[in-house]
Amino acid sequence: MSTSQAIKSKNVGYTHFVSLPLTLPDEMVTKLNNFKNSALQTNKGLGIDKSIFIKPNTLHLTVQMLKLWNTDRIEAAADVLRRVSPKVMDALERRPVYIRLKGLECMPDRGTPPKAYVVHAPLEVIGGGIDRLKRACRVIIDAFIEAGLVLEKDANRGLLLHATLMNAGNSKSKTSGKTEPFDARTIFAQYGSEEWGECYIREAHLSQRFVYDGNGYFHCCASIPFPEEKQGAFPMMKNSFQKMFSTAK
């Protein structure tokens, strides 16, 4: 992969990211909410508060973090995502993507269970196909690099597809402004092998951080479809999550 078009870091935080929103069945939403409530009850005084848990309607896979510091860059990024859509469909072999989330892990270089910063659920693609998903993500990443929209240090980062469940950086109890780790040992002991459930990836978004649409998900600046869900593949998905992104285009 060439990084000749990657840009130097600007003195600004990440503003946007390419995300794969996860469409969740009802029982998975219930399980995640129960996980939060149980963890809060049994881990009082261990640096855990409700603000570090990711809300089910924002659960996603991150493909690429971006710093888009003006309107021109945002519009350019939206255009890149739209233009790469046919190549993404080809990489996915025009077949839908269903994933299963199971267990817990700490992000590499982001702590350990006794001093955790980010806890995520690893994934597997149902029926195989992880290579299809990774190829599609690579197509998207390379397009953004070629457009000069990716930081030089990010261009060489490996792709780790995961669904973040807890993030200390979101804590609203911080007093010093510094992110403090939390003790997740009890959580790992109880939920380390948890079967969270199966879900469907229906599209890719250019998402804006810290801004949310009416459906509760990150503001969508642009989106492209993934191959359509097979009829009856997830018959339990009759809740609002089926329509969650229908207005976020």
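Reader: Which residues of helix 4 are called buried?

Author: In helix 4, the residues that count as buried are Arg 132, Leu 133, Ala 136, Cys 137, Ile 140, Ile 141, Ala 143, Phe 144 and Ile 145. Buried means a relative accessible area under 20%, exposed means over 50%, and partly exposed is what lies in between, with a 1.4 Å probe and protein chains only. A helix here is a DSSP run of H or I with at least four residues, a strand is a run of E with at least two, and both are numbered from the N terminus. This is a predicted model, in which local features need pLDDT of at least 70 and side-chain atom pairs count only at pLDDT 80 or more, while totals for chains, interfaces and linings use all residues. Residues are numbered from 1 along each chain as its sequence is written, and side-chain values use heavy atoms, with hydrogens and water left out.

Reader: How do you know that the span of helix 4 agrees with its 17 residues?

Author: The expected span of a helix is 1.5 Å times one less than its number of residues. For the 17 residues of helix 4 this gives 24 Å, and the end C-alpha atoms are 24 Å apart, so the two values agree. Just after helix 4 comes Gly 148, with a positive phi of about 75°.

Reader: What puts the buried residues of helix 1 on the same side?

Author: The buried residues of helix 1 are Met 28, Val 29, Leu 32, Phe 35 and Ala 39. They cover an arc of only 120° around the axis, and therefore lie on the same side of helix 1; the arc is that of the directions from the helix axis to the C-beta atoms. Among the elements that cover these buried residues are strand 3 (97-102), strand 9 (163-167), helix 6 (185-191) and strand 10 (195-201).

Reader: How do you know that the buried residues of helix 2 line one face?

Author: In helix 2, Arg 73, Ala 77, Ala 78, Val 80 and Leu 81 are buried. Seen down the axis, these buried residues fall within an arc of 160°, so they line one face of helix 2. On the other side of helix 2, Thr 71, Asp 72, Glu 75 and Arg 83 are exposed. The buried residues pack against helix 3 (85-91), helix 4, strand 11 and strand 12 (218-225), where a contact means heavy atoms within 4.5 Å.

Reader: What residues make up the lining of the largest pocket, by nonpolar, polar and charged class?

Author: The lining divides into 21 nonpolar, 15 polar and eleven charged residues, where Ala, Val, Leu, Ile, Met, Phe, Trp, Tyr, Cys and Pro count as nonpolar, Asp, Glu, Lys and Arg as charged, and the others, Gly among them, as polar. On a 1 Å grid over the protein atoms alone, a pocket is an open set of points with protein on both sides within 12 Å along at least five of seven lines, and lining residues have an atom within 4 Å of a point. Of the 47 lining residues, His 60, Thr 62, Thr 164, Asn 167 and Arg 209 lie nearest the centre of the largest pocket. Strand 2 supplies the largest share of this lining, five residues.

Definitions and conventions:
1 Å grid on protein atoms, 1.4 Å probe; cavity = no way out; pocket = protein on both sides within 12 Å on 5 of 7 lines; lining within 4 Å.
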